[in-house]
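Look at the model first, then read on.

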Amino acid sequence: MNKRTCTVLATAVVAALTLGATGCSSGKRSSSQNGKNPATGNLGAVIGGTPQKGGTLTVLSNTDFTHLDPARNWQMNDMEFGTRMLYRTLVTYKAAPGAEGGELVPDLATDLGTSSNGAKTWTFKLKKGVKYEDGTPVTAQDIKYNVERSFSPDLYGGADYAARYLKGAKGYKGPAEGKHLDSIKTPDDHTIVFELRKPFAEFANATVMPTFAPVPKSKDTGPRYDNRPFSSGPYKIETYQRNKKLILVRNPHWDPKSDGIRKAYPDKLVMVMGLKPNQIDDRMIASQGADASAVPWYALRPESAGKVLPKAEVRKRLLAESTNCTDMVQMHTGRAPFDNAKVRQAVQYALDKEVVVTSSGGPAFNDVSTAYMPATLFDGKQPDTLKIPATGDVDKAKQLLKEAGKPDGFTTKITVSNGDKGRAEAIQQALAKAGIKVTIETVDPAAFYSTIGDTTNRTDMVYTGWCPDYPSGSTFLPFVFDGRYIKEKGNTGNHSLFRDEATMKRMDEIAAMTDADKARDAWRALDGEILAKAPTIPVLVRRWPLVLGTNIAGAYGQTSFGGQLDYASVGLKDPAKSEG
């Protein structure tokens, strides 16, 4: 899935002062003198104990959601929030900290699905008694309808597993004109059957996506559904003022007996949007008044690390799970000069990743990335197939530019979310040493993916990233490098617009493998092969630091949702102390 866009960052370099980053440039810097990372003391732990039911949970945010419509929701934070609070999916991830949070569990379905026909047919039985916010029942037809509407041209941006795998999906444009997919069958209200065009043993994992949440046809409002999705989860929308405030209250028809995942501790959730990121950091650190019952939506800014890590009282309220997402510089391989592999390789060698890590908060909050797929898909450690120093190799970059006919370098532009401006400036400074002059264009986080997804009008470079939807190379490399799914508008994942026949052929071969171990090893090998062609440069993998209010309980970073706070379990120590 798309990595989340980030809060606004200043360009101040704070890592060396606040995080104790020292060491020679040829290796990874230690995040503290004794080798322990001061940001990770609470990994796998639940902060605040068990919550009490009731009260108001406040969420402080600098921005609005990208999408809450389940057909369009494929951005890390939005997806976790939507599927934990507002709508349920066929299956989901267990509400638990650490590795346990990666366990797949039934949600609307009674089990994880039954495959047949060589994993080309998948059948799910739905739980009975699950209701929407108006008391009407959730049906299999509602799930089919939402999967179909995800094909609508005006509802772009969502997960496209259905488009990739469903039989007869090619050219389908959604149900607006009464056309439906014959490959999704609903023999009764509690049975849904998916017929795939090729075997997909991991299909159950894909049904975690909001695409597989129910939407009743009678409530569909097209693009406006983003403003008011109809709830099948524990909360419903009371009011939603875009870019200002969202208020959720309990869905009176949600039955906890049918839902073993969501605890729904607070009576109400209030998200306040449009705040300045530095104010959010300071308010969370101080934790005064109503802010004691608040949580931040986005990660702690690197500049604020020095106010947190040295203070034990604040540090014990810090979550910092890995995002499991790889930040990348993606180059438009269909346009000059990036249609030349040597130019792309020159950028690969010119980039000083350690400077970017420093601009991102230092090694306490980031790891240099040497492969596309994150370490979790390599048994815990990324390989370093190219052996390019983390600080780059400017001489090699200049040599490659000369071989490409660009001895004097060239000028280009990069588009970044507002929150990545500091990282972009670090990239700009590093590439300038090789004669590559980069102009930075920033975009509001809520509009970022629609901007870079416009393949005709976007800049030649973008800074974004990708997160595996589940622990398999099949949910990373094909989404970032398969050129057959590039869209003119609403393009996702493959922002390098990489169309390499050999790579796509190999992806198909791996996808057809029935031996899971062989497929795993093949994805890992393909990662290195694509890296050598340099359509995209892996830069870093971040942690997701969140400082919580002192009245927050049941809090942990959900590893399957990029370290974001798990809204399925969070609540308050003392609901009477909350306000709102």
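Asp-379 is exposed, with a relative accessible area of 65%. Here, buried means under 20% relative accessible area, exposed over 50%, and partly exposed in between (1.4 Å probe, protein chains only).

This is a predicted model: local features need pLDDT of at least 70, side-chain atom pairs count only at pLDDT 80 or more, and totals for chains, interfaces and linings use all residues. Residues are numbered from 1 along each chain as its sequence is written, and side-chain values use heavy atoms, with hydrogens and water left out.

Side chains of opposite charge can pair when their charged atoms come close. A salt bridge is a side-chain nitrogen of Lys or Arg within 4 Å of a carboxyl oxygen of Asp or Glu. The structure holds 35 of them.

| Pair | N to O distance |
|---|---|
| Lys-307 and Asp-282 | 2.8 Å |
| Lys-342 and Glu-403 | 3.0 Å |
| Asp-379 and Arg-524 | 3.1 Å |

Asp-379 sits in the loop between strand E13 (366-368) and H10, while Arg-524 is in helix H15 (residues 516-533), so their bridge ties together parts 145 residues apart in sequence. Helices (H or I, at least four residues) and strands (E, at least two) are DSSP runs, numbered from the N terminus.

Lys-342 belongs to helix H8 (residues 341-350) and Glu-403 to helix H10 (residues 394-403); this pair links distant parts of the chain, 61 residues apart. Lys-342 is partly exposed at 31%. Glu-403 is partly exposed too, at 43%.

Lys-307 is partly exposed at 34% relative accessibility. Asp-282 is also partly exposed, with 34%.
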